[in-house]
Amino acid sequence: MANLVPTSSFSVIPWNQQNYGAKWSCFHKSWVQRKQHKLQLGLQNLISPLSQNIPSKLCATSRLSIEETEQQVTTTFTQPKDLKGALAYLFRTEIGGGLVRVYVTEKKARYSVYIEISSLDIGGGEGETSVLCWGVYRADSSCFLHMDSTGLSVDAATGMNVSPLVQTSLGKFAVELEFDAKHVPLYLSFFLMSSLDAELEIRSHRKTNFCVPVGFRPGYSAPLGLSFSPDGSMNFAIFSRHAESLVLCLYDDTGVEEPALELDLDPYVNKSGDIWHISFESDWNFVNYGYRCRGALLQQNKDDSSAEHIVLDPYAKIIGNSYPNGLGSVKNLGWLGKEPAFDWGDDHHPDLSLEKLVVYRLNVKLFTQHESSQLPSDLAGTFSGLAKKVLHFKDLGVNAILLEPVFTFDEKKGPYFPCHFFSLMDIYGPSGGHVSTITSMKEMVKTMHANGIEILMEVVFSNTAEIGALQGIDELCYYYANGVGDLNIQSTLNCNYPIVQNLILDSLRHWVTEFHIDGFSFVNASHMLRGFHGEYLSRPPLVEAIAFDPILSTTKLIADCWDPHDMVAKETRFPHWMRWAEINTKFCDDVRNFLRGENLLSNLATRLCGSGDMFSDGRGPAFSFNYIARNFGLSLVDLVSFSGDELAAELSWNCGEEGPTNDTAVLERRLKQIRNFLFILFISLGVPVLSMGDECGQSSGGSPVYGYIKPFNWSALKTGFGKQTTEFISFLSSLRMKQSDLLQSRSFLKEENIEWHGSDGTPPRWEDPSCKFLAMALKTEQSELLESTVSSDISGDLFIAFNAADHPEIVVLPLPPEGMSWYRLVDTALPFPGFFSTSGEVVPEQAAGLFTYQMKSYSCTLFEANNHTV
């Protein structure tokens with residue numbers, strides 16, 4: 001039996017907020033003095049004066065069975081029998097070796113908290129007992145709330161409540177509190193106090209108050225982000241190693257100026273390792289969520305106030321509200337809802353081999369935004385609008401689309417400064433809404449797959465936006481402290497740090513499993529080779545993990561070492577594990593230099609044959625993604641129109657006059673050069689990558705800056721230039737498939753299958769910088785010729801010549817295979833429509849065994865050996 005106070009089950013102890021710097025110091029100094037003075041009067045006299053401060057309406061009660069006699073008050077207390085489904089918590093006491101068990105149950109719109117103390121030895125004397133000093137909080141564990149009939153409110157005048165502990169029939173001490181459902185969710189915070197020692201306040205082994213959640217659950221540490229259980233409950237989990245406290249902020253549909261509910265997660269109950277977690281029933285009327293992280297070590301800049309900002313869950317799948325300029329402390333919030341269901345039907349990945357790809361890089365918004373797309377305003381510039389143009393890709397012979405980054409990004413800086421890695425930018429959806437955007441992209445992917453077209457995504461994992469991304473969560477883990485190497489920006493990601501590596505892998509898996517993405521191009525990929533301290537690693541964990549990840553095993557992995565910050569490609573030997581392809585910047589540079597007459601023949605030959613200097617390490621030419629123009633730098637038409645000193649890095653040539661001109665000779669030269677670029681791109685071993693607008697002469701006015709890219713003008717496809725260029729690209733795509741053994745080889749050609757020639761049939765002058773002519777003969781395998789039927793037209797060897805000189809050349813062709821003749825299929829110097837032909841024009845034999853052809857300046861030609869029958 002324990003001595004108890006008659007008439008009331010708990011009281012209130014005044015609380016001094018000013019003395020609350022040590023989070024759990026909960027008493028006025030004057031109260032401690034009073035407590036010492038009352039010690040000898042026993043527990044009854046200790047607590048009795050406080051009963052005068054009891055609020056008029058009590059919203060929590062201690063359930064005790066009290067029997068009064070003339071001499072004393074006695075009680076009987078039995079452990080509740082309905083604890084089977086209770087949420088149980090176990091604590092150790094800081095002193096005395098005691099165990100504190102807490103059980104939380106819900107029944108009939110009320111929450112019961114049963115607290116039981118056992119094995120506590122504090123060496124007290126006869127008559128010593130303990131009381132429970134408790135309070136409740138939500139948003140701030142250092143600020144207790146006042147309970148009244150209407151709910152909870154902050155009240156500095158209200159302190160902690162006191163409830164006596166009662167000895168149970170099992171010899172333990174216990175108390176049971178009940179809370180009305182309208183007060184939850186809340187945290188119950190308490191400690192124990194001895195009746196004989198005023199200075200003895202018994203807390204948990206962590207030297208903090210005992211703390212349990214009421215009206216919600218501790219949650220689970222996996223998976224990260226927002227997840228839903230089969231029973232409908234929502235689980236929140238977020239990583240932050242250096243956060244001293246973390247507050248979950250929930251918003252209703254009334255606005256985001258202030259959260260409708262904040263919960264300061266307890267680091268003992270709601271944290272496992274470095275993962276903070278909490279779980280709720282899903283029937284609450286909240287629509288968005290975010291977090292507020294606190295801690296002196298969170299910010300790189302000690303003057304940074306981002307700790308007061310609401311940060312977005314890095315694993316949120318949908319962003320509910322986005323404010324580019326910020327709204328108070330909010331920039332982005334996660335949406336409290338499941339991803340919309342989508343019927344993929346019989347969709348499947350086309351699973352094209354690398355060597356078969358023809359890639360088209362585009363910006364989703366700019367591709368169909370222009371009114372000339374003739375799409376409704378709600379579809380223009382969206383994923384749905386992109387799907388409507390599927391026939392354009394099929395006409396070009398394109399079978400893979402490379403999307404510029406579509407993750408949520410900083411609208412001021414552009415798509416290469418992502419804020420998030422799991423959510424889409426809402427501007428790409430038909431209505432600008434998050435759910436419609438997701439559905440729109442999935443429908444686009446499904447449409448493209450049905451037409452044999454793969455979808456590849458550009459992704460940026462070298463950096464984030466400078467605000468509104470991972471800042472304020474744990475900079476010491478996510479970012480390099482002061483940039484790294486030559487990337488001196490504060491938003492540089494520490495890619496190979498374990499938690500960042502996991503974030504990237506989870507993001508990639510998400511896009512493959514949820515959106516059926518076929519591959520990824522990693523912009524600024526060389527950054528992924530850096531270690532914890534910025535050093536380059538020979539076996540970077542992230543790159544290796546991506547290469548061997550089972551979910552990513554069939555996706556295309558492309559390393560693009562182009563740095564969008566410095567506008568340069570960083571040359572590096574990229575570790576590949578026979579899985580990684582690369583965007584080949586050397587191809588672009590060497591072809592540009594050759595066609596402006598400033599390159600050795602050997603460099604061009606290397607690129608034509610699949611860049612053996614880069615890919616003969618076990619991969620092959622199919623791992624080379626070749627391009628001439630891209631979204632950074634000059635467009636294809638600008639490449640032959642502008643070459644001022646400020647564009648020296650572009651390796652461009654204006655063909656005789658800077659900028660727009662009416663000079664016919666200059667215009668003809670530019671047209672030939674555009675054809676030459678496309679021709680070399682498609683007949684080289686590797687994967688050709690077109691850039692949006694290459695086919696219609698899209699110009700940025702000579703500016704290499706990304707922001708100057710204009711929307712795709714669909715009307716330009718109807719011009720003479722647009723028609724002939726589109727048809728030429730389509731022809732080249734078909735030629736690659738027709739001559740797949742020579743132009744789409746996965747491995748390098750054998751030495752006996754290729755011959756090099758000068759203009760007169762002699763060996764090329766490889767190291768003569770003044771020589772600007774090169775020809776090559778590609779020979780098919782004899783076994784393939786024998787397998788063809790005698791009656792069919794047989795396509796045999798190819799003879800391809802390149803003349804970058806300003807004068808014509810008489811080309812001597814080798815003898816065609818027996819029974820065949822040479823047919824000219826391409827001559828980029830001829831007028832449209834005669835500069836390319838599927839059937840070709842026969843090259844007459846000039847004399848016995850002599851075939852010659854006159855090539856004009858700045859032109860390329862292709863001849864095919866064939867046995868055409870009339």
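**Helix packing and the buried core**

Helix 10 and helix 11 are oblique to each other, a category that takes in whatever remains once angles under 35 degrees are set aside as roughly parallel, over 145 as roughly antiparallel and 65 to 115 as roughly perpendicular. The structure is a predicted model, in which local features need pLDDT of at least 70 and side-chain atom pairs count only at pLDDT 80 or more, while totals for chains, interfaces and linings use all residues. Residues are numbered from 1 along each chain as its sequence is written, and side-chain values use heavy atoms, with hydrogens and water left out.

The protein has 17 helices and 43 strands, both being DSSP runs numbered from the N terminus (helices H or I, at least four residues; strands E, at least two). Of its 870 residues, 58% are buried, that is, under 20% relative accessible area, with over 50% counted as exposed and the range in between as partly exposed (1.4 Å probe, protein chains only). Among contacts (heavy atoms within 4.5 Å) between residues at least 6 apart in sequence, 71% join residues at least 24 apart.

Helix 11 spans residues 601-608 and packs against helix 10 at an angle of about 135°, the axes being 9 Å apart; axes are lines fitted to C-alpha atoms, for helices over the stretch in contact, and angles run from 0 to 180 degrees between N-to-C directions. Helix 10 contributes K586, F587, D590, V591 and F594 to this contact, and helix 11 contributes L601, N603, L604 and R607. Because six of its eight residues are buried, helix 11 is largely enclosed by the rest of the structure; the buried positions are L601, S602, L604, A605, R607 and L608. After helix 11 comes G610, which has a positive phi near 100°.

Helix 10 (residues 585-595) also meets helix 14 (residues 664-683), their axes coming within 11 Å and crossing at roughly 140°.

Strand 33 (residues 580-584) contains I583, which is buried at a relative accessible area of 7%. Beyond the neighbours within four places in sequence, I583 contacts S521, I558, A559, D560, F625, Y627 and R630. The C-alpha atoms of I583 and F522 are separated by 9.5 Å, although the two residues are 61 residues apart along the chain.

F522 is one of the residues with the most contacts inside the largest nonpolar core, which has 190 residues, the others being F236, L403, M441, F679 and F802. Such a core is a set of buried Ala, Val, Leu, Ile, Met, Phe, Trp, Tyr and Cys residues joined through side-chain atoms within 4.5 Å. With residues up to four places away in sequence not counted, F236 touches Y220, G225, L226, L248, L250, W276, H277, I278, F280, Y289, Y291 and L336. Another core, of 29 residues, lies apart from the largest one and includes L186, L188, F210 and V269.

Strand 23 (residues 288-294) holds N288, which is buried with a relative accessible area of 4%. When its neighbours within four places in sequence are left aside, N288 is in contact with C249, L250, Y251, G320, N321, L333, G334, W335 and L336.
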